[in-house]
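Here is a short walk through a structure that may be new to you. Keep the view open as you read.

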Amino acid sequence: MTSFQAARRAEALAATFPPLLVAAQRVAATVLQGVHGRRRPGSGDAFWQFRPFVQGDLTSRIDWRQSAKSDRAYVREREWAAAQTVFLWRDASASMRWHSPLAQEEKRTRAELLLLALAALLHRGGERVQLLGVARPRQVSAAGSLEWLAELLAEGVAGEDNVLLSAPLPRHARVVLIGDFLAPLEEIKTVLTRLAGIPVTGHVLQVLDPAEMLLPYEGRVQFVGLEREGEMLVSRAEHLREAYQRRLRAQIDGLAELCAAAQMTVSVHRTSEPPQAALLGLYMALAGQ
Amino acid sequence: MSALFSLPVTFAAPWVLLALAALPVLWWLLRVTPPPPRRESFPAIRLLAGLASDEETAARTPWWLLALRILAAALIILGLAQPVLNAGNGIPGTGPVLLVIDDGWAAASEWPRVTEAANSVLAQLSRSGRNAALFLTAPAAEPGASFASPLVPASELRSRLAGLTPKPWPVDRSAAAEALRAWKGKVSAAVYFSDGLDTPNVRVFAEALAGLGPVVEIRPDPPKARVLLPPADEKGQLVVRVGQVPGTDTLPAQVLAETADGRSLAEVSAVFSQGGGEARAVLPLPPELRNTLSELVLKSAASAGGHWLLDERWRRRPVGLLAGDLAGAEAPLLGELYYVHRALAPYAELREGTLESLLEQPLSVLVLTDRVVNPGAEAERLDKWLQAGGVLIRFAGPRSAAHPDSFLPVALLQGDRALGGALSWSKPAHMAPFPANSPFAGLSVPEEVLVNRQVLADPAPDIAQHVWASLTDGTPLVTFAARGAGKIVLFHVTANADWSNLPLSGLFVDMLRRLVALSAGIPAAQGNTMLAPAQTLDGFGQLGAPPPTATALAANAFGRTPVSPQHPPGLYGPENNRQALNLGGSISALAASAPVPGARIEPLGRVLPERALAPELIAAAVIVLALDFFVSLGLRGLLRLRRVATLAALLAVCSFSAHAAEGAADKYPSLGIHLAYVITGDPQIDQISRMGLQGLSEYVNQRTAAELAEPVAVAPAQDDLSFYPLLYWPISTEAPPLSARALAALNDYMARGGIILIDTRGGGSGEDFNPGANAVLVSIGKVLNIPPLVPLTTDHVLARAFYLLREFPGRYTGSPVWVQRDQDRANDSVSPVIIGANDWAAAWAVDSEGRNVYAVIPGGARQRLLAYRFGVNLVMYALTGNYKGDQVHIPAILERLGQ
């Protein structure tokens with residue numbers, strides 16, 4: 001890739017990512033932050049103890065009100081909210097880059113929005129976040145690095161299923177997987193089995209377009225797959241609706257079974273619904289484990 | 001080559017119609033082919049796999065859409081078969097065909113239709129591969145050219161036909177019949193395009209034509225040719241005569257009188273009576289204007305017969321003057337010829353000399369004032385001249401009263417009669433109004449004309465027939481008698497102011513002018529001088545260079561020589577000595593010709609032109625296909641119906657609002673400044689008024705800050721006048737008298753600040769153009785509240801409201817314009833009425849293409865410009881009142897302020 005093309009991409013990135021970020025922060029602000037007390041001093045919001053001022057401390061950290069009660073200067077310490085690394089993955093395949101007239105945005109946009117919003121929430125809780133399936137995987141912890149995450153997501157091209165098969169994950173880590181999970185259940189099962197074997201726990205969020213749930217087409221329709229699955233001519237699309245919905249239900253149920261077997265929770269999100277509900281669900285699922 | 005369902009349609013490529021048999025197949029194909037599917041990308045296609053529905057039948061295309069597509073296909077097939085409408089009018093036989101065309105002057109008016117019909121015949125012949133020859137019945141302009149062309153394929157004749165024009169001379173059917181008999185070509189049929197007019201030997205020609213084979217005669221039904229016959233000169237008026245085939249048409253013929261520079265000074269319409277072959281109309285032009293005419297033009301027919309060239313004969317009226325007392329004849333105020341000279345000098349060419357020398361030259365009128373004609377050679381010469389058509393005007397006097405000669409219209413009593421004076425009981429006598437049969441009829445007699453002395457006519461029984469003017473007591477004052485083709489007119493008074501004050505009055509001028517107009521014109525060249533053709537008319541009546549066949553014609557042969565290729569109609573002779581040879585001069589009356597015996601007759605108008613239908617059919621197919629396209633889009637849900645509907649609604653609203661805006665001006669005259677004119681009821685005058693005010697409004701809008709809208713016609717009795725600042729009122733002698741309501745409305749209008757411009761349309765240089773208008777004006781003035789008037793001078797505000805004007809011409813110039821006396825302070829000194837006779841509207845008038853319609857008299861761009869400037873001043877005066885009048889006082893006001 002020439003530097004010129006890189007500059008072009010950076011330009012396009014700069015154009016798209018602030019709204020994404022703002023939306024992510026706005027969504028994150030609606031969810032109340034939980035407490036992860038570690039019972040020792042550290043960075044956190046809750047008061048932990050006063051300790052005498054020692055050489056090397058910043059003067060700005062002196063609690064003047066406490067110090068005024070005696071001859072010594074005290075420093076206020078807060079309880080350390082320990083950060084755990086949460087591994088985030090979103091499906092970046094071509095089938096995610098699609099939305100029907102029934103939805104406002106693509107599945108991938110919604111997935112990345114939820115992912116960033118979750119990252120913002122985790123950062124606010126002091127947790128660390130690492131993206132899977134991006135070109136430059138790296139642990140990120142500071143709250144101000146959301147832009148950095150967004151940039152990584154935007155340039156991420158290495159988002160394939162085998163990332164989850166090969167990525168080095170620490171034991172007992174937490175993963176959050178966001179995707180449409182329309183692949184054959186066997187393929188999904190391979191991935192989940194590997195994750196369960198490490199072992200890691202986490203949450204699976206299935207993002208679906210309303211058209212994928214309802215199949216609202218009528219008449220003579222030629223369906224075209226997005227991942228080279230070929231084409232399919234249907235003379236009366238409305239006649240296929242019930243059979244299709246049965247198959248989709250089977251897929252969703254199969255996924256739920258696989259997740260339960262892998263000690264992971266699962267939920268389904270439609271892109272026509274507001275993202276807050278899904279984010280809250282994600283957050284509660286993570287907090288509950 | 002077969003007519004389809006007896007419609008006049010044939011196909012140039014009939015084998016293409018076989019494709020129509022394929023339409024049912026097309027129907028089946030269209031029926032089974034489903035409409036194209038919509039393409040939808042769908043990520044979950046894997047879940048759909050294997051769910052293929054059990055019914056795989058194609059969706060049905062609606063039957064009407066199918067019919068639409070079949071129709072488009074049928075249209076294309078029909079179009080490719082090249083159908084031709086009105087082909088096959090049925091020319092008998094299969095061999096070569098002779099096309100005979102009457103291309104004389106009479107064909108000119110129908111020429112486009114003749115060539116169109118001939119073209120369609122040729123097209124039909126060329127389709128069937130037949131040969132044809134052209135035969136023209138009028139002699140060709142090229143010497144030695146034959147009547148017939150050789151037989152060639154019909155398509156090659158079309159270019160020849162396109163180059164044909166009608167000839168300015170009549171067809172020569174006897175020569176054509178000979179040529180036809182001598183023609184060697186073998187034809188199986190003849191098509192004859194006849195002009196329908198009778199000529200000598202038409203029978204012979206018809207038989208020669210019938211001898212060739214079956215004949216189809218295509219002739220105008222009825223023959224429409226019209227011709228200008230020699231104009232008549234009656235009572236000094238030019239009478240236009242138009243001839244046609246009797247009973248063909250009762251539509252009036254419009255005749256224009258045009259000058260050499262193309263201005264038309266008058267237009268008259270001659271009305272044909274039911275079944276009549278000749279229509280007459282008097283050309284209402286004063287003699288001096290008539291003398292500037294160069295031709296009469298029949299408006300409808302562009303043919304050589306529709307033009308009558310006027311040469312010197314219609315203009316030159318030399319007048320010879322001879323006094324009894326040669327010594328004192330020209331003495332100022334006293335001389336015998338002093339008043340006659342001044343009365344006639346502006347209108348006629350005057351000559352003086354001895355009687356012998358005067359009569360040597362051609363002379364129209366001879367004026368003898370108290371001159372006794374000596375018997376003998378002198379009397380003989382004068383008698384010969386009179387017999388040839390001269391007009392002799394004599395004035396009485398002491399000498400002729402004592403010595404009556406043989407050149408008097410009535411016998412005179414010896415001596416003279418004196419009225420008034422110290423030794424008489426009687427009073428000087430007034431003149432009586434002129435009798436209707438007199439050439440002076442219509443002239444008004446001033447009160448102040450008094451006759452003191454006169455010679456008395458012997459009261460013979462038939463005296464009344466010889467009197468053209470008399471005194472109030474019945475004594476003849478002017479008598480006349482015809483002698484041969486000429487006339488003798490005697491004034492029973494002297495030509496100076498000794499016996500009466502008639503020579504001092506304006507009436508004297510008018511009487512002499514009318515007498516001169518009575519006389520016959522004099523051709524410039526005489527005898528057998530050969531006059532070479534200078535300009536000749538072509539078949540459509542356009543003057544141009546003479547054809548090579550034209551030869552010189554003797555001056556005395558004009559009028560006797562028929563028009564022919566050797567002598568085409570036109571002007572002959574040198575520049576200042578032109579004589580005209582006119583087609584109408586050799587035609588006495590038109591008659592319809594008998595049709596060719598045994599021929600099939602087809603009227604010209606009903607021979608419909610041949611027309612190829614392929615372009616229309618293909619265009620219809622394209623439209624149907626476009627319709628199908630949109631319908632298909634609609635069926636597939638791709639057409640945004642709402643958008644189309646919005647667009648259509650928007651268009652409808654726009655057009656409606658435009659309509660609404662148009663109608664507003666008529667309904668609400670207060671929305672703009674409109675000039676208005678009073679409807680007279682005479683459609684021509686009303687049209688001039690409208691066009692005039694239109695032209696003035698445009699001029700004012702261009703030149704000034706005023707924004708005038710369309711002019712408006714008003715009827716004072718019905719319409720509200722209060723919206724119009726200026727009312728133009730042309731006086732028409734035919735208009736009904738004002739109703740009481742109209743009168744009240746006009747008086748109210750003037751009282752409240754409106755301005756009326758009253759135009760009698762006949763004054764100054766246009767004297768006599770609207771006779772009787774002054775009388776109408778007087779009758780209007782009696783009932784309308786017209787304030788005291790003074791002539792418009794350069795000091796008046798109207799002369800300075802926008803331009804500084806010294807004269808105020810319209811179409812005519814020279815007559816005074818009257819406005820309210822300035823001392824009248826009512827209405828801010830703005831004159832409520834302006835009266836003139838210059839026919840301003842005609843000078844302002846423009847037609848729809850912005851051209852000035854009426855020539856100004858005496859003429860010139862300057863007069864037109866001044867007319868418009870007067871109009872601008874008038875509008876400014878009407879809009880601003882005495883504003884400019886106040887400006888005049890500025891120096892005085894400033895001076896007062898300074899002190």
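Helices (H or I, at least four residues) and strands (E, at least two) are runs in the DSSP assignment, numbered from the N terminus. By that count, chain B of this predicted model has 22 helices and 41 strands. Chain B has 899 residues, and 40% of them count as buried. Take the contacts in chain B between residues at least 6 apart in sequence: 76% join residues at least 24 apart.

Now turn to where the chains meet. On chain A, 26 residues are in contact with 20 residues of chain B. Three elements of chain A, β9 (221-224), β10 (231-234) and α8 (241-261), each supply at least two residues of the side that touches chain B. The largest share, five residues, comes from α8(A). By type, that side of chain A holds 14 nonpolar, six polar and six charged residues.

Strands also pair across the two chains. β9(A) runs parallel to β2 (residues 38-41) of chain B, over four bridges. There A:Q222 has B:R39 as its bridge partner.

Next, the loops. A cis peptide bond links A:I198 to A:P199. A:P199 sits in the loop between α6 (185-197) and β8 (201-208) of chain A. In chain B, the bond between B:I857 and B:P858 is cis too, with omega about 5°. B:P858 lies in the loop between α19 (840-844) and α20 (861-880).

Two residues of chain B other than glycine have positive phi. For B:L333 phi is near 70°; for B:R761 it is near 55°. Is each buried or exposed? B:L333 counts as exposed, because it has 9 C-beta neighbours inside 10 Å. B:R761 has 24, so it counts as buried.

Note on methods. Residues numbered from 1 in each chain as written. Chains lettered and ligands numbered in written order. Predicted model: local features only at pLDDT ≥ 70, side-chain atom pairs only at ≥ 80, totals over all residues. Contact = placed C-beta atoms within 7 Å. Nonpolar A, V, L, I, M, F, W, Y, C, P; charged D, E, K, R; others polar. Pairing = 2+ DSSP bridges. Buried ≥ 20, exposed ≤ 12 C-beta atoms within 10 Å, placed from the backbone.
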